[in-house]
Amino acid sequence: MITRIVRMEFQPHQLPTFRNIFDQSKASIRAFPGCHHLELHQDPHAAHILYTYSLWESEVALDQYRKSELFGKVWPKTKALFAAKPIAYSLHLLETVVASKD
């Protein structure tokens with residue numbers, strides 16, 4: 001399983017445009033083969049900085065998405081709205097800690 005986190009800093013006036021793009025594409029991204037989870041987060045101190053958090057079956061599945069027609073339509077429109085270069089992380093989960101039941 002791969003966790004993918006992408007930090008995106010938008011031009012503040014472009015946030016509504018991005019939200020529209022995300023709303024139109026989120027179901028298709030989530031339904032893409034190998035995508036197990038998709039979330040959109042906002043920085044609590046900088047409203048123009050958003051993050052996507054997604055879980056992928058494998059690096060192969062993530063790469064297939066990144067080479068897909070869907071990504072080819074969504075990413076260029078999104079990229080045009082940035083105020084800074086995005087930062088992406090791909091991570092392997094090592095451990096999940098759950099609360100003990102005392």
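I began with β2 and strand β3 (residues 49–56): they run antiparallel and seven bridges join them. In this pair, His41 sits opposite Tyr51 of β3. My helices (H or I, at least four residues) and strands (E, at least two) are DSSP runs, numbered from the N terminus, and two strands pair if DSSP finds at least two bridges between them.

A note on the source: this is a predicted model, so I kept to pLDDT of at least 70 for local features and 80 or more for side-chain atom pairs, while totals for chains, interfaces and linings use all residues. Residues are numbered from 1 along each chain as its sequence is written, and side-chain values use heavy atoms, leaving out hydrogens and water.

Next I looked up the whole sheet: it is open, with four strands in the order β2-β3-β1-β4 and antiparallel pairing. β2 (35–42) and β4 (87–92) are at the edges with a single partner strand each, so one side of each has no neighbour in the sheet.

Then the rings, where I counted a pair if the centres of Phe, Tyr or Trp rings (for Trp the six-membered ring) lie within 6.5 Å; planes under 30 degrees apart are stacked, over 60 edge-to-face, the rest tilted. My search of the whole structure gave nine aromatic pairs. Trp56 and Tyr65 are stacked, 5.2 Å centre to centre with 25 degrees between the planes. Tyr65 also pairs edge-to-face with Phe71, at 5.3 Å and 80 degrees.
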